[in-house]
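Welcome! Please take a look at the sequence and the model before reading on.

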Amino acid sequence: SGGVLSYDITGGEFGRDVLVDGQGRLYVIGHVDNGGATNEVRVWRYLPDASPDPAWDSDGIFIYNSGTDQRAEAGTFDANGDLLVTGFIDGDLAVL
C-alpha cells in the first residue's frame, strides 16, 4: 500500500531492524511492549507481496517470551542463510 507496511495489534509494537533474504522475504525484528515489566521478542516475516508468511510460525510472527524483559535489536543472516537475532534478555546479551 504505497510502499508502507503497517502492523498494529496492541499499539506497542517496535521494529528495530529490517532484513531481506535471498527469496525476497522481509524480516522485521523488534519487540512488543506488553504494558508491564516484560516485553516479548518478535520477528515478523512477510512475503515479497507484503502479506504475512504463513510458513513462518503459522501466522508470520515468531514470538519469544522468557517471562522476563527481552528485546530484539538487530539481525543478520549467517553463511548458511539462517537468521540470527541479537538483543537482550533481562539485561543480558542474547543471540537467538
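Strands β5 and β6 run antiparallel and are joined by seven bridges. Please keep in mind that this is a predicted model.

- One of the bridges to β6 pairs Gln70 with Ile89.
- The pair belongs to an open sheet of three strands, in the order β5-β6-β7, with antiparallel pairing.
- At the edges of this sheet lie β5 (70–77) and β7, each of which pairs on one side only.
- On average, neighbouring strands here are turned by 20° against each other, if direction is ignored.
- As a general point, strands of a sheet pair through backbone hydrogen bonds, and they may do so in a parallel or an antiparallel way.

- Is β3 buried or exposed? Eight of its eight residues are buried, so β3 is largely enclosed by the rest of the structure.
- In a regular strand, side chains alternate between the two faces of the sheet.
- On one side of β3 you will find Asn39, Val41, Val43 and Arg45, and on the other Glu40, Arg42, Trp44 and Tyr46; all of these are buried, and both faces are covered.
- β3 pairs with β2 (residues 26–33) in the antiparallel sense, over eight bridges.
- Within that pairing, Trp44 of β3 has Val28 opposite it.
- β3 also pairs with β4, again in the antiparallel sense, over four bridges.
- There, Val41 stands opposite Tyr64 of β4.

**Two loop residues with positive phi**

- Ala50 is not a glycine, yet its phi is positive, at about 75°.
- You can find Ala50 in the loop that runs between β3 (39–46) and β4 (61–64).
- With a relative accessible area of 38%, Ala50 counts as partly exposed.
- Where does Asp90 sit? Its place is in the loop between β6 (83–89) and β7 (92–95).
- Asp90 is another residue other than glycine with a positive phi, in this case near 50°.
- How much of Asp90 is accessible? Its relative accessible area is 52%, and because the cut-off for exposed is over 50%, Asp90 counts as exposed.

Technical notes: Residues numbered from 1 in each chain as written. Predicted model: local features only at pLDDT ≥ 70, side-chain atom pairs only at ≥ 80, totals over all residues. Heavy atoms only, no water. Buried < 20%, exposed > 50% of the residue type's maximum accessible area, 1.4 Å probe, protein only. Pairing = 2+ DSSP bridges. Axes fitted to C-alpha atoms, helices over the stretch in contact; angles between N-to-C directions.
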